[in-house]
Amino acid sequence: MVQKNYFFEMYYDDLPAWSFIGRVHQEGEDPSDKKYYMYKHIHFTIFCNKDRVIEINTRPVPDAFVDLADDTEREVEFLYSAEWIDTDTPFEKRMEKYYASSSWPHLFSILSSCVPILLLTGILATILKRVLQNDFKYVHDEESAKDEEETGWKDLHGDVFRFPEYGSLLAAALGAGTQLLTLIVFIFILAFFGVFYPCNRGALSKAIVVIYALTSGFAGYTATSFYCQLEGTNWVRNLLLTGCLSWGPLFLTCFFLNTVAIAYNTTFAIPFGKVMVIVLIWTLLALPLLVLGGIVGKKNKAEFQAPRYTSKYPREIPPLPWHRRAISHIAMAGFLPSCVICTELYYIFACLWGFRIYATYSTLFIVFIILLIVTSITTMALTYFQLVAEDYEWWWRPFQYGGSAGLYIYAYCFYYYYARSDMSGFLQISFFFGYTACICYGFFLMLGTIGFFAASLFVHHIYGSIKCE
């Protein structure tokens, strides 16, 4: 640990204090001729305003160390000393230095996010211009439009609103994605009210668990209402599927990782009491709200409003070149949204798996809004290209387009693990890739939901604006 410059982190009145464990001393020119010293005396400097702690600093006493050159056991007496200094800084401003230390680097992430926004805005403007030109052609020249054979996306007006396969699964995925989006919105609201101030340990994780349970009603309502619009009848099974998509992967991953933590006898293991509290929250709060949301969604269901009638027999989809198939579009769809947050991802990962303090929730909110905009525009553009190729099976594609950004985020995890971190061992590997997989799965559902609703509005708009025989 001394060789790799490990340091410890302590908390005093919710304020962090850091200090190195030891130092390496080079004796001669030979790189292998080193001595390893461990500090045994830590000095604390505490700044206080009357009876309130404002700041704390730590430093090791250089002359008090233990030589670790050999592997012999020895008794070490660890010492500490404290110094109290009065300051005029008010208690309300003691967190400002943590905000200041983490705000400036995030400005670059906002600037780098503006470039794809401008690019995608130009793409969308070009698409809308082409669509409007075709619409005006039908409006101002109806006689020639009747004699002209329809081609491209306009020829799909009798098939584009044909219900998709596996509609129950799509409805459940949209319900789970809506719940996650609502969760993030509430987290940002609490952050703006100062609930998640720096070093408020455990506040964010507790809020996520409670709010995730409280927003289960949004998942049930969205899933059931959409499932009923697709003329589904077994809405109870659809609710169970929604609950499995929302909670199942998270429960399984946490159970596996907690088992690994118990096997390694580490403090990362969740105590049995807290596990029972989480189970009770899910049983007594999340599950009833999920069912209640489903009942409300079933009672308030509305018929699917399609601007065009669906033909009796589906038309044949022409063969598509490789660059217009689903795999190619999905790969392209996730690239630009992931570029928007690639810079911010480093700071988030450094906060989750490193020693940084994350305090700039306003910057994160701006990047989040840009991410939603980029995902929506990308999904609408690729959906339009799919319809131009006379492929009317578009229902699942926007969800896959938006969710593909989650796959890129998980690919970034491998880069961060090998290039940025110094993790090793099965415990750290399983925790890092396990919990990150849960986060990326949540991004897949949430961004997929955003992409689907954006594409759905786009498709309804363009087919509601044309006149067809």
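**Group meeting: one predicted chain**

Of the 469 residues in the chain, 42% are buried, meaning under 20% relative accessible area with a 1.4 Å probe and protein chains only, while exposed means over 50% and partly exposed lies in between. This is a predicted model, in which local features need pLDDT of at least 70 and side-chain atom pairs count only at pLDDT 80 or more, while totals for chains, interfaces and linings use all residues. Residues are numbered from 1 along each chain as its sequence is written, and side-chain values use heavy atoms, with hydrogens and water left out.

The chain has 12 helices and eight strands; these are DSSP runs numbered from the N terminus, helices being H or I of at least four residues and strands E of at least two.

Three strands form an open sheet in the order 3-4-7, with antiparallel pairing, where pairing requires at least two DSSP bridges between two strands. Strand 3 (22-26) and strand 7 (65-67) are at the edges with a single partner strand each, so one side of each has no neighbour in the sheet. Strand 3 and strand 4 (residues 34-39) are joined by five bridges in the antiparallel sense, and Gly22 is opposite Met38 in strand 4.

Next, the backbone. Most residues other than glycine have a negative phi. Tyr166, not a glycine, has a positive phi of about 55 degrees. Tyr166 sits in the loop between helix 3 (142-147) and helix 4 (167-192) and is exposed at 62% relative accessibility. Asn265 also has a positive phi, near 55 degrees. Asn265 belongs to the loop between helix 7 (235-263) and helix 8 (272-299), and its relative accessible area of 72% makes Asn265 exposed.
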